[in-house]
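Subject: Structure handover

Hi,

Here is the structure I promised to pass on. Please open it first, then read my notes below.

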Amino acid sequence: MGSKNKLKRFKENETFQNVFQPTREEVVSNQFPLKGKWNSDFFKNEHPIVLELGCGKGEYSVGLAERSPNKNFIGIDIKGARFWRGAKTSVENGLHNVAFLRTQIELIEHCFAQNEVSEIWITFPDPQIKYKRTKHRMTNATFLENYKKILKPNGLMHLKTDSEFMHGYTLGLLHGAGHEVLYANHTVYKNEGAPAEVTEIQTFYESQYLEVNKPITYIQFNIK
């Protein structure tokens with residue numbers, strides 16, 4: 001993407017009422033005004049809040065929002081030029097139950113209050129295969145502890161990935177730490193039983209993976 005297109009998207013994001021771009025300083029100092037108030041101050045309802053972490057273009061957040069009008073969805077990514085697409089689509093389609101937040105995933109506990117979130121989706125994260133990158137894997141023990149701080153008791157976690165490494169790493173970590181694996185499938189389009197939202201919503205890159213028969217995996221779990 002050219003720099004002019006990025007700048008254009010950054011500017012347009014500033015006009016969208018469903019996009020929030022706090023500074024890092026605002027977030028880490030706990031001055032982000034929507035923390036604990038997403039339902040009352042933005043969505044104006046008490047519906048469950050569902051996050052998509054590393055949302056990219058926001059395709060999954062938008063797809064989930066279209067399927068479930070009685071839930072609120074927030075796509076989170078540090079790259080605003082990417083989720084511009086999802087934000088714009090939401091505005092164009094009149095979807096009032098989806099928002100986008102530009103921040104780093106490791107700061108998530110500063111953006112949401114305890115028990116404010118009902119579900120978290122992690123869709124096609126970078127598996128960070130090299131050992132020295134373990135601390136950046138979005139399902140490592142530190143990240144899971146951060147997610148637990150904002151999730152309601154027994155709040156659902158979802159991991160959908162094309163990385164067999166990420167799938168195996170996460171399953172091993174979950175079992176080893178005593179977390180509850182509710183469902184696991186190493187190829188959701190060939191084995192029956194996957195939830196509908198796992199197979200009926202596809203990202204652009206996911207469709208490309210499927211064209212070359214790359215397995216898509218999924219895990220649903222609770223953090224204990």
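I'll start with a charged cluster. Arg85, Lys88 and Glu92 are linked in a network of salt bridges. Keep in mind that this is a predicted model. Everything below was computed from its atoms.

**Other salt bridges**

The count comes to nine salt bridges. Three pairs deserve a look.

Take Asp162 and Lys214. They form a salt bridge, with the closest N and O atoms 2.9 Å apart. Is Asp162 buried or exposed? Asp162 counts as buried, because its relative accessibility is 13% and the cut-off for buried is under 20%. Lys214 has 34% relative accessibility, so it counts as partly exposed.

Next, Glu180 and Lys224. Their salt bridge has its closest N and O atoms 3.3 Å apart. Again the pair links distant parts of the chain, 44 residues apart. Glu180 belongs to strand 7 (residues 180–185). Lys224 lies in the segment after strand 8. Both ends are partly exposed: Glu180 has a relative accessible area of 33%, and Lys224 has 41%.

Then Glu14 and Lys11. Their side chains meet in a salt bridge at 3.7 Å, N to O. Glu14 is exposed, with a relative accessible area of 55%. Lys11 counts as exposed too, at 54% relative accessibility. Both values are enough for that label because exposed means over 50%.

**Backbone points to check**

Which residues have a positive phi without being glycine? Asn30 is one of them, with phi of about 60 degrees. Asn154 is another, with phi near 65 degrees.

Asn30 lies in the loop between helix 2 (24–28) and helix 3 (38–43). Asn154 has its place in strand 6. Asn30 is partly exposed, at 43% relative accessibility. Asn154 counts as exposed, at 55%.

**The chain as a whole**

How many helices and strands are there in the protein chain? There are nine helices and eight strands.

The overall dimensions fit a globule. For 224 residues, a compact globule would have a radius of gyration near 17 Å. The protein chain has 17 Å, so the two agree. Along the principal axes, the C-alpha atoms fill a box of roughly 40 × 40 × 40 Å.

Buried residues make up 49% of the 224. The accessible surface is about 11300 Å². Carbon and sulfur atoms account for 49% of that surface.

Contacts across the sequence are worth a note. Take the contacts between residues at least 6 apart in sequence. Of these, 75% join residues at least 24 apart.

Last, the charges. The protein chain carries 29 positive and 25 negative side chains. The centres of the two sets lie 6 Å apart.

If you want a place to begin on screen, go to Asp162 and Lys214, the salt bridge with its closest N and O atoms at 2.9 Å. Then move on to Asn154 in strand 6.

Best wishes

Conventions. Residues numbered from 1 in each chain as written. Predicted model: local features only at pLDDT ≥ 70, side-chain atom pairs only at ≥ 80, totals over all residues. Heavy atoms only, no water. Helix = DSSP H or I, 4+ residues; strand = E, 2+ residues; numbered from the N terminus. Rg over C-alpha atoms; globule rule 2.2 N^0.38 Å. Buried < 20%, exposed > 50% of the residue type's maximum accessible area, 1.4 Å probe, protein only. Contact = heavy atoms within 4.5 Å. Areas by Shrake-Rupley, 256 points an atom, 1.4 Å probe, with all protein chains shown as cover. Lys, Arg positive; Asp, Glu negative; His and termini not counted. Charge placed at Lys NZ, Arg CZ, Asp CG, Glu CD. Salt bridge = Lys/Arg side-chain N within 4 Å of Asp/Glu carboxyl O.
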